[in-house]
Amino acid sequence: MDDIYENSLEGNITKKDALKLIDSNPFELFNIADRLRQEIVGDNVTFVSNKAIDITDHCMIKCEFCSFRDHLGYEMTIEEILESVEDSQTIGATEICLFGGIMPHMTVDYYTEIIKAIKSKYNIKLHALSPVEIYQTAKNSEMTTFEALEILKKAGMDTMTGASAEILVDSVRKQICPNKVSTAEWVKIIKEAHSLDIPTTSTIMYGSVETWEDRIDHLMILRDIQRETNGFTELVPLTFLGLNNNLGQKSIGASGMDDLKIHAISRVIFGWDMPNIQVSWVKLGIRTSQIALCCGANDLGGTMMEDKISVAAGASHGEYLPRDGMIKIIEAIGRHPVERNTVYEYI
């Protein structure tokens, strides 16, 4: 384990190392991940005050794991979106997460109008869309994804989400999201965003039909991208929730132990390459999130004033966690709470 610690800090963890660690004593893995977390980022646990705005639940992509599609049957107007942004100001939010379903009428002009309307009225970071949304909106607009990203950035999109990654293994994608972008297309769009100085998050949705080898391959792809572009702000592991979706008939989801292992192995694989590993409290719950913060993670994510997507899939841990709640949860495990913005600048 001492060799693993040093190899992680030196950036020398291999796929073989990672697979061996998964089969090792999990508590040794958690311990080494926590040691690495302390060395790389210290005892601060960060969080961001934000609100999620899901524009619509109508969607043409039809992923097997989606419980959100046509869950309520709505599409927000620009006026309704602005009202939702206004609500976020009551909690002092510094970030709006803007995404939702994808439809043929959602062109670059469609998103640009929304982004400009928000930016003209509010001084807030706009964390928006994902590679699959960029791909489809570029296609709807008969332009390249690079051109679409250029226009959206100019309109005011500050950062892009790393969603729609799921598992970056095409054999898995064919089973869980056959109509989404391929692994190569996802990587291409992410690199294009980074080349335009649009930082992105990175994600992994685990616990459906993939193997541990698939998960490790996914993490290695993310590490390769980060070493090339340094454009990822964080990794966000997202545990699969199977309520109200087709994939839930095939998988009961990840075990609690696997929830902790994915955060720990991510810390070991990324080392200094990706310092920030986030816990999704909405999906894992508060107590498991606190444990994950002791297994390599260092960020508690956002206050998430609304998360319709997770709730539709069975998340029962709430849609909003106030700033004071974040602070208490972090202090309860003996760590230091620090509020940040989207790109991890301390507030």
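The exercises below, each with a worked solution, concern a predicted model. Residues are numbered from 1 along each chain as its sequence is written. Local features need pLDDT of at least 70 and side-chain atom pairs count only at pLDDT 80 or more, while totals for chains, interfaces and linings use all residues, and side-chain values use heavy atoms, without hydrogens or water.

**Exercise 1.** Find which residues have the most contacts inside the largest nonpolar core.

*Solution.* Begin with the term: such a core is a set of buried Ala, Val, Leu, Ile, Met, Phe, Trp, Tyr and Cys residues joined through side-chain atoms within 4.5 Å, where buried means under 20% relative accessible area (1.4 Å probe, protein chains only). The largest one has 106 residues, and Trp186 and Ile265 have the most contacts inside it. Helix 11 (residues 256-270) gives the most to this core, namely seven residues; helices here are DSSP runs of H or I with at least four residues, and strands are runs of E with at least two, numbered from the N terminus.

Next, take Trp186 itself: beyond its neighbours within four places in sequence, its contacts (heavy atoms within 4.5 Å) include Pro131, Ser164, Leu222 and Phe232.

**Exercise 2.** Determine where Ser164 is found and whether Ser164 is buried or exposed.

*Solution.* First, locate Ser164 in the loop between strand 5 (159-160) and helix 8 (170-176). Second, consider its backbone: Ser164 has a positive phi of about 70° although it is not a glycine. Most residues other than glycine have a negative phi. Third, with a relative accessible area of 5%, Ser164 is buried.

Note on methods:
Buried means under 20% relative accessible area, exposed over 50%, partly exposed in between (1.4 Å probe, protein chains only).
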